[in-house]
Amino acid sequence: MGLSHLQYLFIENNDIWTLSKFTFRGLKSLTHLSLANNNLQTLPRDIFRPLDILSDLDLRGNALNCDCKVKWLVEWLSHTNTTVAPIYCASPPRFQEHKVQDLPLREFDCITTDFVLYQTLSFPAVSAEPFLYSSDLYVALAQPGASACTVLKWDYVERQLRDYDRIPAPSAVHCKPMVVDSQLYVVVAQLFGGSYIYHWDPNTTRFTKLQDIDPQRVRKPNDLEAFRIDGDWYFAVADSSKAGATSLYRWHQNGFYSHQALHAWHRDTDLEFVDGEGKPRLIVSSSSQAPVIYQWSRTQKQFVAQGEVTQVPDAQAVKHFRAGRDSYLCLSRYIGDSKILRWEGTRFSEVQALPSRGSLALQPFLVGGRRYLALGSDFSFTQIYQWDEGRQKFVRFQELAVQAPRAFCYMPAGDAQLLLAPSFKGQTLVYRHVVVDLSA
């Protein structure tokens, strides 16, 4: 402090282990600095920035650990005018005895990510569906314990989900929002008491019941998918009863009308709509048989059975994703391993098995170019996997303490990338995806 005219500073052989990033602040006249033969394993980022006219630097004799904390030094050495005596890495093993000045920056993989708890919603839920309406972001959650479909609105100022409205639903298992011709509808699927479609009335600012869904056809709904084909809106309901049928409904002028009975008496558990290569498909998973693939026939304006995914006879949930030119299916199982399958042109082949005892929910999702898979269980913590492009497989990434998850939902909210985890037994948790630069 106060040595603004100091030109030569030698702090050698002093058994120094750490330095503050402010150690040399104010030494504007320093031209020669030696920190040789100490025990420095790393240096604070930009520690030499205040030394505007530094001409000679000696760091020899320190056991530098050439990890992400030293990346900044490699960058600084590449463009500084200061003469620096050769310095060598003591660790890690792959860089041992390498000259720091010669380390390639591409060898430093210093960007990592994390899912951190962001918001806790103090209620259980079994589904979550984000949607945009009138330029605002919302999420609809099925809450059978509260006898409601709860709609939350994203507060861009407070950066939180806030209560917005509730639709009465004593045994809701899924609340599916659909915006058709700028009008908001919510399909409310219930285990008991029938299923309904509600319409948002902007004049009264409340939801009103629009129509019933045929209770003879849809007896025990388990999942809903909404999609467009050739400009028309549809939704499909997976029915898990012995007497009902997985059914397709189509929007026409002022309501949704029964369009096709797809899959009767098979206790279906999940649906996945896939629109790839101009060929819309619907995949139906079931607890009683292998998942069935339906392909849309434009001439018949119906789905036609195309085949089965025979490798997994009892999938609880089915999801898909694309990586490069390849298409994959993710199939969760309650007993046994969950499976990752790749489409080989004429059939699916297994590329990975993931331990998943007690799994009822899995979801692949993409955040800023990084692909993840959330796999939940009734008996253990949720596992987050990350896609390894080189190995073409998912690798274990992080564990989240979510009790009995029933869905996972990725929701971008402004600059916040969120993962919603509705829980059947506990609180619904909202995690935020964060990017961490380990070299900072």
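These legends go with a set of close-up views of a predicted model.

View 1. Now look at residues 347-389, where the end C-alpha atoms are 22 Å apart and the make-up is 0% helix and 60% strand.

**View 2. The largest pocket and what lines it.** This pocket holds about 1,200 Å³ of space. Which residues lie nearest its centre? They are Glu-129, His-174, Asp-223, Leu-224 and Lys-319, out of 40 residues in the lining. Six strands each bring at least two residues to that lining: S8 (127-133), S12 (172-180), S16 (221-229), S20 (268-276), S24 (317-323) and S28 (362-367). Sort the lining by class and you get 24 nonpolar, 8 polar and 8 charged residues.

**View 3. The second largest pocket.** Here there is about 540 Å³ of space. The lining has 25 residues, and those closest to the centre are Arg-281, Ile-293, Ser-327, Trp-343 and Phe-348. Strands S20, S21 (279-286), S23 (302-308), S24 and S25 (326-332) each give two or more residues to this lining. Which strand gives the most? That's S25, with 4 residues. By class, the lining splits into 8 nonpolar, 8 polar and 9 charged residues.

View 4. The largest cavity has about 40 Å³ of space in it. Around it you'll find Phe-131, Tyr-133, Tyr-138, Val-151, Tyr-164, Leu-184, Trp-200 and Phe-207. In terms of class, that makes 8 nonpolar residues in the lining, with no polar and no charged ones.

**View 5. Rings that pair up.** How many aromatic pairs does the structure hold? The count is 33. One of them joins Tyr-8 and Phe-10, whose ring centres are 6.4 Å apart with 20° between the planes, and this pair is stacked. Tyr-8 has 48% relative accessibility, so it counts as partly exposed. Elsewhere, ring pairs tie Phe-115, Phe-365, Tyr-372, Phe-397 and Tyr-410 together into a cluster.

**View 6. Charges sitting over rings.** Start with Lys-209: its charged end sits over the ring of Tyr-196, 3.8 Å from the ring centre. Then find Arg-357, whose charged end sits over the ring of Phe-379, 4.3 Å from the centre of that ring.

**View 7. Ser-20 in its loop.** Where is Ser-20? Look in the loop between strand S1 (8-10) and strand S2 (32-34). Is Ser-20 buried, exposed or something in between? Its relative accessibility is 38%, so Ser-20 counts as partly exposed. Pro-86 is 66 residues away from Ser-20 along the chain, and 23 Å separates the C-alpha atoms of the two.

Conventions
Residues numbered from 1 in each chain as written. Predicted model: local features only at pLDDT ≥ 70, side-chain atom pairs only at ≥ 80, totals over all residues. Heavy atoms only, no water. Phe/Tyr/Trp six-rings, centres within 6.5 Å; stacked < 30°, edge-to-face > 60°. Buried < 20%, exposed > 50% of the residue type's maximum accessible area, 1.4 Å probe, protein only. Lys NZ or Arg CZ within 6 Å of the ring centre and 35° of its normal. 1 Å grid on protein atoms, 1.4 Å probe; cavity = no way out; pocket = protein on both sides within 12 Å on 5 of 7 lines; lining within 4 Å. Points joined across faces, edges and corners; volume = space filled by probe spheres on them. Nonpolar A, V, L, I, M, F, W, Y, C, P; charged D, E, K, R; others polar.
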